[in-house]
Amino acid sequence: MNNLKLNNSNIVSYIEDIFERRGNEIYAGEDVTVSEHMLQSGTIAKKRGLSNEIVVASLLHDIGHFNSEFGMFTMDDKKDRFHETMGAKILKPFFPQIIVDCVYFHVSAKRYLTAIDKDYESKLSRASKHSLNLQGGPMNPKEVEKFEKNPNLNAIIQVRYIDDEGKDPEMDTFPFSYFTPLIEETIHNSERMIID
Ligand SMILES: [Fe+2]
């Protein structure tokens with residue numbers, strides 16, 4: 001983490017810097033980089049007029065791929081692992097629970113949707129289908145029942161569908177700076193919720 005103490009004032013510029021420096025890295029098996037994929041996801045959510053929380057969750061859902069930037073990397077790691085868990089850990093100190101949940105559960109949501117919707121899996125990208133098996137495959141009925149109890153289920157599912165769409169090499173996106181005020185607002189709202 002380069003000895004930088006992250007707080008509510010510097011977290012957004014820290015994330016922006018990561019997007020810019022590591023923007024050329026290839027997304028595992030997809031035609032777009034991780035940064036492009038996240039900017040596409042944020043752009044899709046914004047253009048659909050969804051809430052700031054959904055926009056920010058869509059934009060940041062794969063931030064865990066950059067866990068080494070946050071001091072969560074060990075020498076044994078060959079690559080970033082369990083990126084959804086890492087992503088939620090990175091965001092939790094700053095962002096409201098709904099955003100943390102959307103990030104933490106975006107892989108589970110794929111397992112959930114393949115269990116409840118027969119057609120869902122056929123629409124996934126090849127890389128996403130491949131990782132589904134590594135991630136445990138479709139949920140069993142007990143897992144489905146438990147997953148549906150999450151109060152943020154709708155938001156989690158929305159972000160998952162957007163995640164599946166944001167893999168288009170031709171798509172134009174808003175730049176990261178466009179999202180900065182939205183991100184700051186969700187952090188600010190999260191602070192208010194803690195104080196209230
Ligand atoms: Fe993703």
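Student: At what angle do helix 2 and helix 3 pack, and how far apart are their axes?

Tutor: The model is a predicted one. Helix 2 covers residues 34–47 and helix 3 covers residues 52–60. They pack at an angle of about 165°, with their axes 7 Å apart.

Student: How are helix 2 and helix 3 oriented to each other, roughly parallel or roughly antiparallel?

Tutor: Angles over 145 degrees count as roughly antiparallel. The angle between helix 2 and helix 3 is about 165°. The two helices are therefore roughly antiparallel.

Student: Which residues of helix 3 make the contact with helix 2?

Tutor: On the side of helix 2, the contact is made by Met 38, Ser 41, Gly 42, Ile 44, Ala 45 and Lys 46. By class, this contact has seven nonpolar, three polar and one charged residues. From helix 3 come Ile 54, Val 55, Ser 58, Leu 59 and Leu 60.

Student: Is helix 3 oblique or roughly parallel to helix 10?

Tutor: Helix 10 spans residues 153–165, and helix 3 packs with it at an angle of about 45°, with the axes 10 Å apart. Angles under 35 degrees count as roughly parallel and 65 to 115 as roughly perpendicular. Helix 3 is therefore oblique to helix 10.

Student: Which residues of helix 10 meet helix 3?

Tutor: Helix 3 passes helix 10 in a right-handed crossing. Helix 3 contributes Glu 53, Ile 54, Ala 57 and Ser 58. The residues they meet in helix 10 are Ala 155, Gln 158, Val 159 and Ile 162.

Student: How many residues does the largest nonpolar core have?

Tutor: In soluble globular proteins, nonpolar side chains tend to be buried together. Helix 2, helix 3 and helix 10 are among the elements that give two or more residues to this core. Ala 57 and Leu 60 are among the residues with the most contacts inside it, and the core has 39 residues.

Student: Which residues does Leu 60 touch, not counting those up to four places away in sequence?

Tutor: Leu 60 is one of the residues that helix 3 brings to its contact with helix 2. Beyond four places in sequence, Leu 60 touches Met 38, Leu 91 and Val 103.

Student: Which residues of helix 6 are buried?

Tutor: Helix 6 runs over residues 106–116. What covers its buried residues includes helix 4, helix 5, helix 7, helix 8, helix 9 and helix 10. The buried residues are His 106, Val 107, Ala 109, Lys 110, Tyr 112 and Leu 113.

Note on methods:
Residues numbered from 1 in each chain as written. Predicted model: local features only at pLDDT ≥ 70, side-chain atom pairs only at ≥ 80, totals over all residues. Axes fitted to C-alpha atoms, helices over the stretch in contact; angles between N-to-C directions. Helix = DSSP H or I, 4+ residues; strand = E, 2+ residues; numbered from the N terminus. Contact = placed C-beta atoms within 7 Å. Nonpolar A, V, L, I, M, F, W, Y, C, P; charged D, E, K, R; others polar. Left-handed = near helix turned anticlockwise from the far one by under 90°. Buried ≥ 20, exposed ≤ 12 C-beta atoms within 10 Å, placed from the backbone. Core = buried A, V, L, I, M, F, W, Y, C linked by C-beta atoms within 7 Å.
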